[in-house]
Amino acid sequence: MSKRKRPEPKSSSSGINEDEKNILGLIRSKQGMGATTYEMRTATKIQPTLVTRAVASLKKSNLIKEVPNMNNKGIKHFLAVEFQPCKELTGGDWYIDGALDVSKIEGLKEICVRILERLKSKVVTLDVIYSYFEKASSDADKLSREQTREILKNLVLDNVVMEVKSNGLTDFSATRIGEICYKLTGKKSGGGEVRDGGFASVPCGACPHIGLCTPDGVISPTTCVYFQKWLDF
Amino acid sequence: MTATEFGIVYAVHIITSHFGSVASKVCECLLRRGPLSSREISRLAESDINHTKVKDILYLLIHHNCVQAFSIDPPDGSESKPTVQYIALFRNIIHGARYNKFSKVVNEELGSQCSGLLDGLLSNGRLTLEQLIDRDRDSKKPMGSEVIRDSLQKLVAARFIERVPSPEPVLGNKDEGPAQKKRGAKASKIFKEPESLEERILEAATPVDAIRFPFIFEQDSSSTVADDDSNIPEGKRKQPEVDYSSGPSNEVIWRPNFEELIRRLRHKACVEIVKERRDEGCANVMKAMLEVGRSQEKKAKTDKSVPMSMGSIYEELIKTDAGREMTQARVEACLEQLSATSSYLPAFVIESDDSYIVDFKSIISVAQKDEMESVVMRRYGKEAFRMFRYLSQEDRFVETDKIADAALTEKKDTPQILLKMWRDGYLHMQKLAVTGVYMPFLLWKVNKLIVSRQMLDEMYHASLNLSLRLTHEKDSEKELLLLPMEKLEGALKERRNKYRAKSVLLTSASFKLDDAILLFHDF
């Protein structure tokens with residue numbers, strides 16, 4: 001009596017077994033984000049030891065690569081070799097080796113402010129600023145349109161630049177009606193100054209311990225070191 | 001907005017410094033527990049205060065406009081008599097720290113004689129014309145009864161002072177809506193469901209405008225009006241224990257009208273904000289607009305003014321020196337500027353069908369936003385400032401990584417900064433658990449109402465601290481302050497000068513801080 005032949009663990013065509021095939025499928029479906037071993041276990045219901053073995057084997061056969069997560073170095077993501085790690089893993093354009101390139105960002109912001117100060121028309125569109133970065137001599141200063149927008153948005157959050165919609169009149173004569181434009185804040189550009197906060201100008205406004213301060217407590221207005229410093233004439 | 005924890009502590013501190021610790025105990029009891037009868041107060045107040053003393057204190061606080069008595073009609077068919085209850089007026093108590101601001105407003109508009117008269121009313125709570133004349137007679141530089149009478153008339157005409165409210169209004173049962181609707185023809189016309197018990201009581205106690213601000217207030221005519229008391233329905237009027245609406249000789253009793261005084265401060269603040277954020281010309285136009293719409297404002301916290309035409313604005317503008325320098329075309333340009341919107345500033349004026357409406361809410365919100373952001377900047381730094389502004393702009397829940405991307409801040413540091421703000425009540429956070437993802441997502445949002453309340457509480461706390469520190473500085477230099485300044489020399493003189501500098505700084509800081517409190521609580 002002849003027995004039915006058991007299926008081979010390794011599929012002869014691609015050289016990988018069923019588990020590896022499932023895991024590779026999952027990793028490919030996740031594209032640039034890849035999958036962690038935890039995700040592989042929960043999604044495929046394969047035993048942990050078999051997942052580890054399959055991942056090692058896929059790595060060996062150069063089908064997947066390992067990318068660290070910049071948010072959590074302990075968590076490793078596995079990506080199919082044909083995909084580039086996505087923004088969530090690397091941090092995006094502004095990150096170098098997992099750290100934010102603060103000096104570059106601040107430098108670019110300064111350049112933007114200088115451009116806005118120098119321009120005769122108080123109001124400019126994104127394209128005008130972008131043209132400056134497009135023409136930049138060094139590669140480091142070259143920016144994409146999206147990156148230029150990000151820098152300008154950041155200046156808006158800093159309250160240094162404001163976003164205005166063009167109405168086609170006076171200052172906006174060189175722009176299309178409804179187009180988003182940028183201009184510097186402050187008195188000179190007609191936006192006025194942000195007022196100094198009445199609360200922020202007293203020590204309690206900046207005090208990290210205000211929640212612990214009571215009239216007769218350990219931290220109190222009569223014993224407060226911040227008050228002492230403020231009233232030191 | 002109801003009183004916050006430190007709001008109550010600060011209010012109690014003000015009462016203690018004005019009327020002593022026993023009065024403050026009664027006041028604290030009312031502030032913390034809400035409306036109570038005098039018997040309940042003597043039972044619940046922390047220290048033993050007998051019933052007679054409680055009543056005396058209540059009359060003192062009523063006299064200084066810090067407490068209002070009222071009673072509620074018993075349910076239909078019930079034989080029981082309505083009991084008199086007392087409610088603390090938190091807003092009026094806090095006004096006690098800003099009397100000099102009110103005095104300044106009156107001084108600028110009506111001159112020093114009127115402001116002197118208002119000062120008398122502010123410090124004494126309530127006075128009759130006769131008492132004001134007596135007070136003047138005893139002063140160093142008497143003005144004379146005629147001047148007092150004239151000034152009083154001017155103050156009433158400008159609505160800076162008012163006739164005292166009904167001493168003990170009777171409120172209808174909650175279910176019994178029509179009892180309230182019956183009150184006065186004018187009140188029924190503008191009837192709107194009042195929000196809180198305090199508002200209901202104040203509305204019931206306030207007489208109609210003709211009685212509140214009489215044109216003629218000579219003894220005879222006023223006493224007739226006072227006795228008439230037409231704002232309270234027939235059968236609802238109960239003989240009060242002490243009648244505060246008129247004095248012993250049936251003369252009208254006056255008190256400061258905080259509602260109007262706050263309205264003027266609000267208008268001044270709006271003009272100031274427009275001046276800072278736009279220019280002098282826009283501020284002049286705004287001032288004229290506020291003047292045009294003022295008489296039609298029903299309450300101090302109005303969101304929008306009535307619509308006004310270009311003609312009426314210009315007519316008002318040319319009454320002032322600065323306004324006369326402006327052409328109509330310039331005014332139109334200013335109005336256009338005021339109606340412009342950007343990411344930086346909202347529209348201050350709404351233009352519709354050739355008329356203009358002042359958007360008070362948006363003007364005040366700009367100053368509130370500045371206050372909030374400057375605190376975030378000082379307390380948590382520039383990155384937090386960007387995140388806070390981004391979340392305020394978005395006005396929805398946003399995930400940590402998205403915030404880091406938008407604010408261009410280091411992704412590893414972002415959760416810590418956000419958590420710090422969340423711990424202090426400046427942000428709202430929600431965890432979102434997703435199956436298959438190990439760590440839950442954290443979503444963040446700026447809830448302006450919660451932040452405003454948190455900041456208001458901290459500002460009351462800071463005001464209390466400034467006041468306590470000033471007392472501490474005064475106490476520590478008590479002996480030095482007794483010495484005459486001209487006799488001081490060397491180190492002692494220097495110490496005295498230092499004390500003066502400290503007290504000037506503390507006073508001016510608390511003055512400025514109170515402006516911020518006004519923004520969040522009264523405007």
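Reader: Hi! I'm looking at A69(B). What is its bridge partner in β2(B)?
Author: Hello! The bridge partner of A69(B) in β2(B) is Y86(B). Keep in mind that this is a predicted model.

Reader: Thanks! And how many bridges join β1 of chain B to β2(B)?
Author: Five bridges join them, and the two strands run antiparallel. On the β1(B) side, the strand covers residues 67-72.

Reader: What is the strand order in that open sheet of chain B?
Author: The order is β2-β1-β5, three strands with mixed pairing. The edges are taken by β2 (84-88) and β5 (170-171) of chain B, and each has a single partner strand, so one side of each lacks a neighbour in the sheet.

Reader: Which helix lies across β1 and β2 of chain B?
Author: That's α4 of chain B, residues 51-63. Helix α4(B) runs at about 110 degrees to β1(B).

Reader: Let's hop to chain A. Which strands form an open sheet there?
Author: Three strands do, in the order β5-β7-β6 of chain A, with antiparallel pairing. The edge strands are β5 (124-125) and β6 (161-165) of chain A, each pairing on one side only.

Reader: How many bridges join β5(A) to β7 of chain A?
Author: Two, and those strands run antiparallel, with β7(A) spanning residues 180-184. For V124(A), the bridge partner in β7(A) is Y182(A). There's a helix on this sheet too: α7(A) packs on it, touching β6 and β7 of chain A, and its direction makes about 105 degrees with that of β6(A).

Reader: Nice. Switching to salt bridges: how many are there over all chains?
Author: A search of the whole structure finds 43. Among them is R145(A) with D127(A), whose closest N and O atoms are 2.7 Å apart.

Reader: Which parts does the pair R145(A) and D127(A) tie together?
Author: R145(A) lies in helix α7 (residues 145-157) of chain A, while D127(A) is in helix α6 (residues 126-134) of chain A, so the pair links parts that are 18 residues apart in sequence.

Reader: Now the two chains together. How many residues does each give to the contact?
Author: Chain B gives 61 residues and chain A gives 57. The area buried between the two chains is about 5200 Å², with carbon and sulfur atoms giving 57% of that.

Reader: Which three residues supply more than any other three of the area that chain B buries?
Author: Those are Y344(B), L408(B) and R469(B), which supply 15% of the area that chain B buries against chain A.

Reader: How many salt bridges does the rule find across the interface?
Author: One salt bridge is found between chain B and chain A. R386(B) forms a salt bridge with D158(A), and the closest N and O atoms are 3.1 Å apart.

Reader: One last thing: which strands does β12 of chain B pair with?
Author: Strand β10 (residues 398-399) of chain B is joined to β12 (residues 441-445) of chain B by two bridges, running antiparallel. Strand β11 (residues 428-432) of chain B also pairs with β12(B), in the antiparallel sense over five bridges. In β12(B), E399(B) has L443(B) as its bridge partner, and L432(B) has F441(B).

Methods. Residues are numbered from 1 along each chain as its sequence is written. Chains are lettered from A and ligands numbered from 1 in the order in which they are written. This is a predicted model: local features need pLDDT of at least 70, side-chain atom pairs count only at pLDDT 80 or more; totals for chains, interfaces and linings use all residues. Side-chain values use heavy atoms; hydrogens and water are left out. Contact means heavy atoms within 4.5 Å. Buried area is the accessible area (1.4 Å probe) that two parts lose on being put together, summed over both. A salt bridge is a side-chain nitrogen of Lys or Arg within 4 Å of a carboxyl oxygen of Asp or Glu. Two strands pair if DSSP finds at least two bridges between them. Helices (H or I, at least four residues) and strands (E, at least two) are DSSP runs, numbered from the N terminus. Axes are lines fitted to C-alpha atoms, for helices over the stretch in contact, and angles run from 0 to 180 degrees between N-to-C directions.
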